[in-house]
Amino acid sequence: MKDTLNPDKIYAAFETGGFSVDRIDNFHDGKYAEIRAELQFEKHLSVQNLQEITLKLKMIEENEGIHMEIIHIDMAHKSIRINFNIV
């Protein structure tokens, strides 16, 4: 990913990695974005589920040339909030 100016590229990158993005915020500066994505798990996460999420996010980081920070995992709403920067 060269920049965050095209939200469709952000949606596509995360969908390819296995995440359905619900919302993108603060992407207009071109180097940073905040997303909220759906989690496809029940009311809790097992250690195995958390490892699966981590591996998927690591693949997206490597494939897209970005650095991610997990801000919040909300199992009540089955979502994850991630901020990322273009490397």
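1. A residue is called partly exposed when its relative accessible area lies between the limits for buried, under 20%, and exposed, over 50%. Gln-51 has a relative accessible area of 44% and is therefore partly exposed. This residue is found in helix H2. Gln-51 and Glu-62 are eleven residues apart in sequence, and their C-alpha atoms are 16 Å apart in space. The structure discussed in this note is a predicted model.

2. Overall architecture. The protein contains two helices and four strands, and their order along the sequence follows the pattern α-β-β-α-β-β. For 87 residues, a compact globule would have a radius of gyration near 12 Å; the protein has 12 Å, which agrees with that expectation. The C-alpha trace spans about 35 × 20 × 20 Å along the principal axes.

3. Of the 87 residues, 36% are buried. The accessible surface comes to about 5,500 Å², and carbon and sulfur atoms account for 50% of that area.

4. Helix H1 and its buried side. Helix H1 comprises residues 7-16, and its buried residues are Ile-10, Ala-13 and Phe-14. These residues are on the same side of H1 because they cover an arc of only 90 degrees around the axis. In an α-helix there are 3.6 residues a turn, so residues three or four places apart point the same way. The buried residues of H1 pack against S1, S2, helix H2 (47-64), strand S3 (66-74) and S4. On the face turned away from the buried side, H1 carries the exposed residues Asp-8 and Thr-16.

5. The ends of H1. Asn-6 caps the N-terminal end of the helix, with a side-chain oxygen 3.0 Å from the backbone nitrogen of Asp-8. Just after H1, Gly-18 takes a positive phi of about 100 degrees.

6. The hairpin of S1 and S2. Strand S1 (residues 21-25) pairs with strand S2 (residues 32-38) in the antiparallel sense over four bridges. Within this pair, Arg-23 stands opposite Arg-36 in S2. The two strands form a hairpin with six residues between them. Asn-26 lies in the loop between S1 and S2 and has a positive phi of about 50 degrees although it is not a glycine. Most residues other than glycine have a negative phi. With a relative accessible area of 45%, Asn-26 is partly exposed.

7. The hairpin of S3 and S4. Strands S3 and S4 run antiparallel and are joined by eight bridges. Four residues lie between the strands of this hairpin, in which Lys-78 takes a positive phi near 50 degrees. Lys-78 is not a glycine and lies in the loop between S3 and S4. Its relative accessible area is 33%, so Lys-78 is partly exposed.

8. Strand S4 in the sheet. Ala-37 has Ile-80 in S4 as its bridge partner. Six of the eight residues of S4 are buried, so the strand is largely enclosed by the rest of the structure.

9. Asn-83. This residue is found in strand S4 (residues 79-86). Is Asn-83 buried or exposed? Its relative accessibility is 12%, so Asn-83 counts as buried; the cut-off for burial is under 20%. Asn-83 is the bridge partner of Glu-69. The side chain of Asn-83 also makes a polar contact with the side chain of Tyr-32, at 3.0 Å. Leaving aside neighbours within four places in sequence, Asn-83 is in contact with Tyr-32, Ala-33, Glu-34, His-67, Met-68, Glu-69 and Ile-71.

Note on methods: Residues numbered from 1 in each chain as written. Predicted model: local features only at pLDDT ≥ 70, side-chain atom pairs only at ≥ 80, totals over all residues. Heavy atoms only, no water. Pairing = 2+ DSSP bridges. Buried < 20%, exposed > 50% of the residue type's maximum accessible area, 1.4 Å probe, protein only. Polar contact = N/O pair within 3.5 Å; in protein donor to acceptor, adjacent residues only side chain to side chain. Contact = heavy atoms within 4.5 Å. Rg over C-alpha atoms; globule rule 2.2 N^0.38 Å. Areas by Shrake-Rupley, 256 points an atom, 1.4 Å probe, with all protein chains shown as cover. Arc of directions from axis to C-beta.
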